[in-house]
Amino acid sequence: QAEVGRARGPLAWPRVGTGYHGQLVAHATSHRAAMTAEALDPVLDAIVEHLASGMLEGSFVRVCRRWLHTAICHPSVFRNPVEAWYPTMCQQLDSQLLCIRDPPPVEGGAEGEGEVAVEDLRIALEHAEEELKLTELAAAYPMGATVVLLRHTCRLSCLMHWIHGAHLGDGDGGCADGGGGDGGASTVDAATAGRLGALRRGFRQGEVEEFRRRVRLLARAAAGLRARLPDPELPLRWAAWFEEQGDIVGLPENHCARYRSQREQVAAVWANNRRTLLTTEEHIAALDDWCGEFAEDKRFEKDEGDSGREATSQRCSGAACASGVASLLRRLLRRWPRLGGPA
């Protein structure tokens with residue numbers, strides 16, 4: 001076309017949007033959008049199945065609205081990892097909790113029982129090792145149960161902000177449909193804009209439904225982990241028992257003081273871990289409430305492109321989508337409290 005244009009002169013090809021050539025371009029654009037809507041879904045499903053979740057964020061977020069919707073809602077992005085992590089973590093916690101128990105009843109200090117008391121002190125030291133293993137599973141950074149749950153909740157908060165921003169025209173980056181993504185501008189008529197608005201509403205509704213499924217999954221995980229939280233008073237009971245048994249056998253006071261100090265540190269970590277998990281569970285419940293309010297709010301049923309902007313230029317910028325999501329994630333992570341390892 002370029003060679004023929006140079007041969008025939010600058011007026012050989014009419015400008016896009018004028019005359020019969022403009023009608024052909026508009027018809028081709030509308031036909032492409034309709035064909036894309038029918039053809040992309042099975043293709044996307046086939047492609048996504050062969051990509052790891054880490055590649056989804058680096059690939060799909062840079063292209064058009066349909067691909068971004070597919071990347072957000074695919075189970076391998078969030079639900080599959082959580083469903084694989086949660087039963088394994090519960091199994092590990094249950095196995096370790098079997099090794100945790102209350103101290104035995106305190107026996108009298110009659111003569112001849114000193115050797116038995118010394119053996120009991122060794123049991124206390126062994127129990128302290130089991131407590132540390134449980135602390136690693138439940139509260140250690142970065143793979144402790146509560147830390148991982150908090151990380152998943154933070155990702156869910158990012159999705160909530162993105163869904164809300166997408167409705168306000170902030171998260172889409174102007175991406176209108178499943179075609180394009182090359183950064184070019186195209187002018188659409190009112191009928192095409194209405195059809196693209198319906199697609200956007202469908203995408204948003206699917207993302208809200210996916211958000212609701214993720215919230216319910218995290219709520220179940222939080223409830224299961226809460227039922228497996230260790231009692232923060234248990235290490236203190238072992239410290240008191242150790243001191244009493246130490247007095248019976250004449251154990252130096254500095255040994256008892258060191259043991260109590262270690263048990264108090266473990267008890268503090270367990271108490272802080274419990275508060276963090278309960279706060280995370282409350283935050284998950286708040287996300288569930290927001291999801292219900294968002295679905296019931298009538299203002300969100302009207303697409304942002306239906307109020308006088310149907311005939312405006314729609315710019316599909318994948319880079320805008322990526323930068324908007326990335327900047328939102330960075331802001332949320334800066335505001336989110338960081339968890340350190342146990343003392």
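Helices are DSSP runs of at least four residues, numbered from the N terminus. On that basis, Pro142 is placed in the loop between α6 (114–139) and α7 (145–167). The model is predicted. Most residues other than glycine have a negative phi, and most peptide bonds are trans.

Helix α8 (residues 190–226) packs against helix α4 (residues 65–73). Two packed helices are described by the angle between their axes and the distance between the axes. For α4 and α8, the angle is about 10° and the axes are 10 Å apart. Angles under 35 degrees count as roughly parallel. The two helices, α4 and α8, are therefore roughly parallel to each other. The crossing of α4 past α8 is left-handed. From α4, the contact draws on Arg65, Arg66, His69, Ile72 and Cys73. From α8, it draws on Leu199, Phe203, Arg204, Gly206, Glu207, Glu210 and Arg214. By class, the residues of this contact of α4 with α8 are four nonpolar, two polar and six charged.

Helix α5 (residues 79–97) also packs on α8. Here the axes come within 11 Å and cross at roughly 5°. That angle makes α5 roughly parallel to α8. On the α5 side, the contact residues are Arg79, Val82, Glu83, Trp85, Tyr86, Met89, Cys90 and Leu93. They meet Glu210, Arg213, Arg214, Leu217, Leu218, Arg220, Ala221, Gly224 and Leu225 of α8. The contact of α5 with α8 comprises 10 nonpolar residues, one polar and six charged. Glu210 and Arg214 of α8 take part in the contact with α4 and in that with α5.

Ile284 lies in helix α10 (residues 253–296). Its relative accessible area is 2%, so Ile284 is buried. Contacts beyond four places in sequence are made with Leu149, Thr153, Val215, Leu218, Ala219 and Ala222. Of these partners of Ile284, Leu218 also belongs to the contact of α8 with α5. The C-alpha atoms of Ile284 and Leu150 are separated by 9.7 Å, although the two residues are 134 residues apart along the chain.

Helix α9 (residues 234–249) has 16 residues. From first C-alpha to last, α9 reaches 23 Å, close to the 22 Å expected at 1.5 Å a residue. Buried positions in α9 are Leu234, Pro235, Trp238, Ala239, Trp241, Phe242, Gln245 and Gly246. An α-helix has 3.6 residues a turn, so residues three or four places apart point the same way. Gly250 follows α9 and has a positive phi, near 75°.

Methods:
Residues are numbered from 1 along each chain as its sequence is written. This is a predicted model: local features need pLDDT of at least 70, side-chain atom pairs count only at pLDDT 80 or more; totals for chains, interfaces and linings use all residues. Side-chain values use heavy atoms; hydrogens and water are left out. The expected span of a helix is 1.5 Å times one less than its number of residues. Buried means under 20% relative accessible area, exposed over 50%, partly exposed in between (1.4 Å probe, protein chains only). Axes are lines fitted to C-alpha atoms, for helices over the stretch in contact, and angles run from 0 to 180 degrees between N-to-C directions. Angles under 35 degrees count as roughly parallel, over 145 as roughly antiparallel, 65 to 115 as roughly perpendicular and the rest as oblique. A crossing is left-handed if the near helix is turned anticlockwise from the far one by less than a right angle, and right-handed if clockwise. Contact means heavy atoms within 4.5 Å. Ala, Val, Leu, Ile, Met, Phe, Trp, Tyr, Cys and Pro count as nonpolar, Asp, Glu, Lys and Arg as charged, and the others, Gly among them, as polar.
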